Amino acid sequence: MTIHSEPAPAPLRWAVLLLRAEAVALGLVAVWLIWSDLTARTTHLTSALLVTAFAAGGAAALWALGGGLLRRRAGARAPAIVLQLMLLPIGWYMIQGGLGWLGLPLMALGLGVTGLLVSAPTNRALGVDRPAGGQ
């Protein structure tokens, strides 16, 4: 285990905070889906369980990636960026469906967290700005 003496830079701390907030929000959606699955009069059980599992798995992944970034694991950055960029098509289709009040903030959140994850202070903290030779 690597222990870093200097504190994490602000962009990295904000990225972790926002990833964890997304995880909590998606976890609440998963709880609502579980409740909905249990109380629905009719449902296609396979579809309902898959959607619920997808939400719960997404929440777990976001939380774990936030933890990896907090421990300065450079390998957690790329999957976190991919999940953030997935908010762009989700937000776009929400806007197309008349939910612009939710789609636009989701798109901004995805771009904002991505920006934090690729910022120079985050690169330095994760050690991804070093040359390939390690000098």
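This is a predicted model: local features need pLDDT of at least 70, side-chain atom pairs count only at pLDDT 80 or more; totals for chains, interfaces and linings use all residues.
Which residue just after helix 2 takes a positive phi? That's Arg72, at about 60°.

View 1. Numbering starts from 1 along each chain as its sequence is written, and side-chain values use heavy atoms, with hydrogens and water left out. There are 6 helices and 0 strands (DSSP runs, H or I of at least four residues for helices, E of at least two for strands, numbered from the N terminus). The C-alpha trace spans about 60 × 35 × 25 Å along its principal axes.

**View 2. Helix 2 covers residues 45-70.** Its 26 residues reach 37 Å from first C-alpha to last, close to the 38 Å expected at 1.5 Å a residue (1.5 Å times one less than the number of residues). Ala48, Thr52, Ala55 and Gly58 are among its buried residues (under 20% relative accessible area, 1.4 Å probe, protein chains only). The buried residues of helix 2 pack against helix 1, helix 3, helix 5 and helix 6 (contact is heavy atoms within 4.5 Å).

**View 3. Helix 4 (residues 87-96) meets helix 5 (residues 100-117).** Their axes (lines fitted to C-alpha atoms over the stretch in contact, angles from 0 to 180 degrees between N-to-C directions) come within 7 Å and cross at roughly 165°. Helix 4 and helix 5 are therefore roughly antiparallel (over 145 degrees).

How values were computed. Angles under 35 degrees count as roughly parallel, over 145 as roughly antiparallel, 65 to 115 as roughly perpendicular and the rest as oblique. Buried means under 20% relative accessible area, exposed over 50%, partly exposed in between (1.4 Å probe, protein chains only).
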